[in-house]
Amino acid sequence: MYRTEGPLVFYKGLNPTLIAIFPYAGFQFSFYNSLKHVYEWVTPAEGKKNGNLKNLLCGSGAGVISKTLTYPLDLFKKRLQVGGFEQARASFGQVRSYQGLLDCARQVLREEGVPGFFKGLSPSLLKAALSTGLMFFWYEFFCNLFHRAKKADS
């Protein structure tokens, strides 16, 4: 790859990745906080005993919402990254080539319409729900653990 396309070949898809990562992380925390408030409002008092379930569910929901909002940039990243392997991909169907992020977005919109921005979203949502749910579950678990340990030392 380096010999045929130069060192920049290793950075294909970096722009959409950098553009997407900050909103994705921000959305995760924002929606997690909002979903926790909704959970508290909706759940009856006797159902609030298990905070771990709340953290897991709200984290999963935050992951799904965040991934859905930022998925088009993830799609562009993946399509830009597989560029250059046209011959190897020819047997799998239509082969496309893109000149960059904006060209990729234009071609997807022109050839596939708005639904094209969300091709492959389902498996991504499953991953986002599991990984984000577990991330917030363990984050809150260890925060509570350390808080109790600090309180016990006092």
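How many salt bridges are counted between domain 1 and domain 2? The count is one salt bridge, where a salt bridge is a side-chain nitrogen of Lys or Arg within 4 Å of a carboxyl oxygen of Asp or Glu.

Before I go on, a word about the model. It is a predicted model, in which local features need pLDDT of at least 70 and side-chain atom pairs count only at pLDDT 80 or more, while totals for chains, interfaces and linings use all residues. Residues are numbered from 1 along each chain as its sequence is written, and side-chain values use heavy atoms, with hydrogens and water left out.

The domain assignment gives domain 1 as 8-118 and domain 2 as 120-153, and such bounds come from an automatic or database domain assignment. Taken over C-alpha atoms, the centres of domain 1 and domain 2 are separated by 19 Å. To their contact, meaning heavy atoms within 4.5 Å, domain 1 brings 18 residues and domain 2 brings 14 residues.

The size of an interface is often given as the accessible area lost when the parts come together. Between domain 1 and domain 2 the buried area is about 1,400 Å², and carbon and sulfur atoms give 68% of this area; buried area here is the accessible area (1.4 Å probe) that two parts lose on being put together, summed over both.

Let me turn to the charged pairs. Side chains of opposite charge can pair when their charged atoms come close. Lysine 36 and glutamate 140 form a salt bridge through their side chains, at 3.4 Å from N to O. On the side of domain 1 that touches domain 2, the elements giving two or more residues are α2 (14-42) and α3 (51-81), these helices being DSSP runs of H or I with at least four residues, numbered from the N terminus. The largest share of that side, twelve residues, comes from α3.

The structure as a whole holds nine salt bridges. One of them joins the side chains of glutamate 112 and arginine 79, at 2.7 Å from N to O, and this pair links distant parts of the chain, since glutamate 112 lies in helix α5 (residues 101-112) and arginine 79 in helix α3, 33 residues apart.

Finally, over residues 1-38 the chain is 76% helix and 0% strand, with the end C-alpha atoms 50 Å apart.
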